[in-house]
Amino acid sequence: MESILLFIFSAITSFITSLPVWLIAIVFLLILIGLILIGPPVTFAIGLTSLLFLVIYGKSLSIIISAIMIPISSFPLLGVFLFILMGVVFEKTRLTEVIVDALEPVVGRVKGGLGVVVTLGCAFYGLLTGAVAATAAAFSKLVGPEMEKRGYPRDFASAVITASAPLGAFIPPSIPAIILATSTGTSVFTTFMVGASLGLVIAFTLIVLIVIISYIKGYGGIEKKYTLREIIIRWLKAIPLLSVPVGILIGIYIGVFSVTEGGAFGCILAFIVAALYRRLNLKSIPSMFLDAAKSTAVVMLMISTSYILNFTWSLTGINDSLLRFFRGIATIYSPQISLVILALILVVLGMFFDVIVLAVAWGSVIVSTFAPYGVNPYHINALFLMGVLIGTATPPVGAGVFVVSDAMKISIEKLLKAMIPFILLYVAIYVAVIFIPELALWIPRLIGLI
């Protein structure tokens, strides 16, 4: 029996290794997506598929250990834990309420006012957490019920929160931006500013869309009137909170500390600010560190398996084939057409697993592929970040969709139907970023980073 199984495995191995590289890539992705749809976590599916192909190609499994050690020994990636901890402090102390309270009297009275508050609130909350799921959960609990009380349909309220939550991954300090910059060998701070450029563009267009839909559907703003004194008091309360991320970014920009050191500085400030707001319970501090450690473990496991994926694709020739494919398209047609194809791949695969996985596996290859054609590496980073945006808002693994669906008690089907206008907006912005790089590069250019 054992000899029969060995014969079958040997035959399968010979067959797969004899296939053209492009077909091997398709087989790899089919097996990976098949595993994801069966049910194991995406990270495990990536690891298992990579392990299978390493065995098929007869490679030493010690490669796995080498791949896992890369992110663990990376100093910039230490910032992932630090910024996650900073976000956990703000999340656990419910300081989101301070942001919403400051925004409500200023923009809440326009048509669709609470929807505008959600979008701006998510953008500001991104300054504090840098995580999509945390942003979606916070605003589902804080603003979702209030929107329903004000007459907004649950599906529209849920769609607004789902569409706005990814701003948490754009506005720095951004966890995806740290991972992406490390993977592509680019500056973390400049990638932060790329995310900020995109975040502001997306926030503005989301607000315009929300207001238009609200005018058409007749969704009103907040009726309560606020005095100038009330508005000033609310903003004064918010300033210490917002000074934390702003202080970090200014410190990094002027060279006082690195991004990782900025994360440590941010953690200290987060605890101090939470204490100043009298929302820090000493007994809750150990649980904050534990929650941050758990979240970081999930992220680092994903990064580690992504490096295994990178090694596997390099050994099987998929990365080299990918490089030749994109360069061929860019040479025969144009770099823009090649970028369109890259964007389509990111959108499709981003529906099944986090685009950050692709950034780790492909990032350096893609940047080197387009370098001879004068494509700015930060333009490539922007496309990967946009892939994160669409991936978090679409099933089967979109974190934002499932968090909001659960918190707002709405079916996935109804939520996705309400999301259609927002997804179309995402696609329009994505296409625009491909052909107008300045949409993603205007802040880095403005402050002289590129």
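Visitor: Why does Phe326 count as buried?

Guide: This is a predicted model. Phe326 has 0% relative accessibility. Buried means under 20%, so Phe326 counts as buried.

Visitor: And what makes Phe370 buried?

Guide: Its relative accessible area is 0%. The cut-off is under 20%, so Phe370 is buried.

Visitor: Why is Val55 called partly exposed?

Guide: Val55 has a relative accessible area of 36%. Buried needs under 20% and exposed needs over 50%. The value of 36% lies in between, so Val55 is partly exposed.

Visitor: Where does Val55 lie?

Guide: Val55 lies in helix α3.

Visitor: How many aromatic pairs does a search of the whole structure find?

Guide: The search finds 10.

Visitor: Why is the pair of Phe28 and Trp313 edge-to-face?

Guide: The ring centres are 5.6 Å apart, and pairing needs them within 6.5 Å. The planes stand at 70°. Over 60 degrees counts as edge-to-face, so the label holds for Phe28 and Trp313.

Visitor: Which parts of the chain does this pair link?

Guide: Distant ones: Phe28 is in helix α2 (residues 21-38) and Trp313 in helix α16 (residues 285-315), 285 residues apart. Both Phe28 and Trp313 are buried.

Conventions: Residues are numbered from 1 along each chain as its sequence is written. This is a predicted model: local features need pLDDT of at least 70, side-chain atom pairs count only at pLDDT 80 or more; totals for chains, interfaces and linings use all residues. Side-chain values use heavy atoms; hydrogens and water are left out. Helices (H or I, at least four residues) and strands (E, at least two) are DSSP runs, numbered from the N terminus. Buried means under 20% relative accessible area, exposed over 50%, partly exposed in between (1.4 Å probe, protein chains only). Rings of Phe, Tyr and Trp (its six-membered ring) pair if their centres lie within 6.5 Å; planes under 30 degrees apart count as stacked, over 60 as edge-to-face and the rest as tilted.
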